[in-house]
Protein chains: 2
Amino acid sequence: MRGIERVRGRVGEINDLLCAVNLLTWDARTQMPPGAAAARGKQLATLSKVARERLLSRELLGALQEARAEDVTPAEADELDQLTGALELLERLPDGLIEALAEHRSVAQAAWERARADADMSAFAPALERMLELQQRMAQAIGYDDHPYDALVGLYEPGMTAARLQELFGALRGGILPLLEGIRASGVVADRRFLQRHYPEGAQRDAALHFAKLIGYDLGRGRLDVSAHPFEISFTRDDVRITTRFRRDFLPMSLFGTLHEAGHALYEQGVDPAYVRTALTTDVPGLYAVAGTSYGTHESQSRLWENLVGRSRPFWRAHFGALRSFFPEQLADVDAEGFYRAVNHVEPSLIRVEADEVTYNLHIMLRVEIEMALLDGSLSVRELPAAWNDAVGATLGLDVPDDAQGCLQDIHWSTGLFGSFPTYTIGNVMSAQWLEAARAQDPAIAAALERGETEPLRAWLQENVYRHGRRFAPDALLERATGRGLTPEPYLAYLDGKYGELYRS
Amino acid sequence: MRGIERVRGRVGEINDLLCAVNLLTWDARTQMPPGAAAARGKQLATLSKVARERLLSRELLGALQEARAEDVTPAEADELDQLTGALELLERLPDGLIEALAEHRSVAQAAWERARADADMSAFAPALERMLELQQRMAQAIGYDDHPYDALVGLYEPGMTAARLQELFGALRGGILPLLEGIRASGVVADRRFLQRHYPEGAQRDAALHFAKLIGYDLGRGRLDVSAHPFEISFTRDDVRITTRFRRDFLPMSLFGTLHEAGHALYEQGVDPAYVRTALTTDVPGLYAVAGTSYGTHESQSRLWENLVGRSRPFWRAHFGALRSFFPEQLADVDAEGFYRAVNHVEPSLIRVEADEVTYNLHIMLRVEIEMALLDGSLSVRELPAAWNDAVGATLGLDVPDDAQGCLQDIHWSTGLFGSFPTYTIGNVMSAQWLEAARAQDPAIAAALERGETEPLRAWLQENVYRHGRRFAPDALLERATGRGLTPEPYLAYLDGKYGELYRS
């Protein structure tokens, strides 16, 4: 058997194990009875451990070495390069560190939950300090040139660095802050009260499924469930599941939440079938079965479908009638334009996950700058709340009443996800870049979107993004499809065009 | 670290892998989208393979050898003995045979499905012949003294043999056939038409959950779903799930089906917490995470709760009011006695899974005798349909119109479960033995059951059966609790008492 075939056999089994991890995770968040949490934790730990052992086994390393000397296709060469790089990275991480992180994660998360419930940062500070220390050790082990952040953000967004982020953030602030100023000054306020009428859960579910299918989500290879925090997760391209949550007195949560997760799902469902169970649908250093090439690229798809398509005027001009058919009484006195304006209301707020498109990135940027400073030691955990509150005041113009609505609001730091926040903003920026390129390359796509028809856009994304899985790093994927790497202009132009028109005083 | 601790660490991980196999299986049968079947098959195969590799690893065998030389408690000694025996058995099975079986199973099952759909035995015969050959090789590899069947039935029911079964069957036929004759002659026919009124699915689900909880099923560590074929499955004692199916025009299916699966679940939920993730909750040779000590013992619990309790007169005298509260219109003109008589209707029929308590074991005995003859070569696959039809005529007094309603009706032979059929009858026989012992040992149990209170019985079973998990083989468990091994008298006495009274002419 050729080396590459033996590599594929081994990686296929590792992917199977990681798909099982994903299923156990999905089940824990959607179906599992409450008494099972401890047992499930052990099962997840064992499966991850076995996957890691098999990744670093002599059999795989030997087969990989052999395969790299063989004649292979360009796609196979990319597959082997990726695997080699990922294994080199994994080998740099000492066993003790990974175990210490896994162990501290549950401690820190429990401390964070208590701290947030009591709005008491002191209950989380020691656990956060220990987490930071582990993250710093992780960054050292991975290695970096300029800033420890480079090592961590690279786990989620290959090729991204602190310096590139700072440049990107400068450009974004330069566009967003004046736009927000103009919105504030306009005095325009859309009527949003109808969004808070009584929307029965059953009809919300039907509507959510209708719109998920409309944009191309294949329910023959997926399903929609309910969870406290919505997510998308896949066990190969043939089983890609999404969840949502229903608020009976607020329609947008399930509607746009489902479009968001369905956007993630289109990416996973669209990967080339030939890549299934290979390194091109496995995040090897992250030990995660996923087809998307980076967190930011994945987020670019959820944001594109939720916001750039799902909150656009032509989309609702075409589909508001369908939405109203699910809620004939609640939406009787509303029209497409009124709905469009209501779901694009802009207003600075304290909580990231409730933020609108214009202010959202301000939330991300302040977090990223704080975690960079925590990591390089220029900010201490003791100074964190004040730094947070200052940044919120300076960018959003708000006072933070307590840490629960401030620096304790997100779970990320307690689970050790330092370096993942930027991917939300990268996703936003990238989403506009895809859309601009698709429209420019094929006028039929732009014309179809004007009629609310999304299939030509999906087909373009399928061809240029989805099918490639993890074969190309984010910048390379962007360059192939749009002619340049990550750049903020399309996104800023999108925001300016849309919100400048909506909030013209 | 002591040897036994290293054994436990290894077995715990194997149990985690097998619990993951169970979850993937549960999901495939209750939640999975249709497109995912092929990918799921690969994932299941990999997890089973990894579990088997780790079972036969040098690390585990070395730790086990060391542990057997250490000072251990009696329970630990039983744990090590079981594991040793199971590994010796596993080592006797050649790799090639296990793979050939796994491969042929899907071929044979597909052939059986086609054959049953067309009532065409010739479409299944070649696959069955090959399956028989593999089963014979399996029996040879395992080894036996008298009959190849001994090797196979022992996989499901340790200690059982063809000779013991033949003796048991003789006693059962001697009691059941005259009883059935009397029932036929009595001319008594209960009114059952009300069971086929319209019973909405939602109310059936509520009622099923009510009665499952009533007998002690803990929903904090379980849940009820829908599947084509009802089953119980566990991922440790803290997550034991059951399924049912609803026929809107036939109430007993979901009601008694749920009591049956909840009976299985009580066993799994009741195992000693100290046995979790050990060999005492792992079917090592079968590569299956399960706490019950044998298929027959497991079935004794489902049958006890479904039939001996759930189809008893005092149970419905106490709880028919509750049942009627779920179906006030459908059951308005029915009383407890009428319901009791309707759900204990006896009538020979062609299909095993639809059979009543009296005729059920006749279905099993004819299957077991046929599979013994197939295995020892005294019956050929070509002669099978005629042998089946003759046996149905002789014991049930019925003509078999076609093989779909005859020898093609059960999935078991196509999946290689030769030797598992007897466990259904063993379960029936054992169920009466438990109940007789519980009543005799504690008159308060008998008195409570007369009032429809089942908790004292459950507590006795918890103490005498459930908590022990797989620590004792079936006969040893029976002897400890009832003073004797498997014996048919209590079961025959139960049938005679119940049906003699119901069908007194």
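Two residues are in contact here if their C-beta atoms, placed from the backbone, lie within 7 Å. Keep that in mind, since much of what follows is about what touches what. This is a predicted model, in which local features need pLDDT of at least 70 and side-chain atom pairs count only at pLDDT 80 or more, while totals for chains, interfaces and linings use all residues. Residues are numbered from 1 along each chain as its sequence is written, and chains are lettered from A and ligands numbered from 1 in the order in which they are written.

Let's start with a pair of helices in chain B. Helices (H or I, at least four residues) and strands (E, at least two) are DSSP runs, numbered from the N terminus. Helix α14(B) covers residues 357–376 and helix α15(B) residues 384–396, and their axes come within 10 Å and cross at roughly 150 degrees. Axes are lines fitted to C-alpha atoms, for helices over the stretch in contact, and angles run from 0 to 180 degrees between N-to-C directions. The two helices, α14(B) and α15(B), are therefore roughly antiparallel to each other; angles under 35 degrees count as roughly parallel, over 145 as roughly antiparallel, 65 to 115 as roughly perpendicular and the rest as oblique.

Who does the touching? From α14(B) come Thr359(B), Leu362(B), Leu366(B), Ile370(B) and Leu374(B), and they meet residues of α15(B) including Leu384(B), Trp388(B) and Leu396(B). Sorted by class, the residues of this contact are 10 nonpolar, two polar and no charged. For the bookkeeping, Ala, Val, Leu, Ile, Met, Phe, Trp, Tyr, Cys and Pro count as nonpolar, Asp, Glu, Lys and Arg as charged, and the others, Gly among them, as polar.

Chain A has its own version: α14(A) and α15(A) pack at about 150 degrees with their axes 10 Å apart. That makes α14(A) roughly antiparallel to α15(A), and the crossing is right-handed.

Back in chain B, look for an open sheet of three strands, ordered β1-β3-β2 with mixed pairing. Strands pair if DSSP finds at least two bridges between them. The edges are β1(B) (222–226) and β2(B) (232–234), each pairing on one side only. On average, neighbouring strands are turned by 20 degrees against each other, direction ignored. Helix α1(B), residues 3–30, packs on the sheet and touches β1, β2 and β3 of chain B, its direction making about 145 degrees with that of β2(B). Three bridges join β2(B) to β3(B) (residues 240–244), and these strands run antiparallel. Ser234(B), for instance, has Val240(B) as its bridge partner in β3(B).

Now zoom out to both chains. A rotation of 180 degrees with 0.0 Å of shift along its axis superposes chain B on chain A, with an RMSD of 0.0 Å. That is the relation of a two-fold axis. In chain B, the C-alpha nearest the axis belongs to Ala20(B), 3.5 Å away from it. Copies are superposed by least squares on the C-alpha atoms of residues with pLDDT of at least 70 in both.

Finally, the interface: 29 residues of chain B are in contact with 29 residues of chain A. On the chain B side, the elements giving two or more residues are α1, α2 (37–55) and β1, and α1(B) gives the most, with eight residues. By class, that side has 14 nonpolar, seven polar and eight charged residues. The copies meet through the same surface, because 100% of the interface residues of chain B are also interface residues in chain A.

Terms used:
Left-handed = near helix turned anticlockwise from the far one by under 90°.
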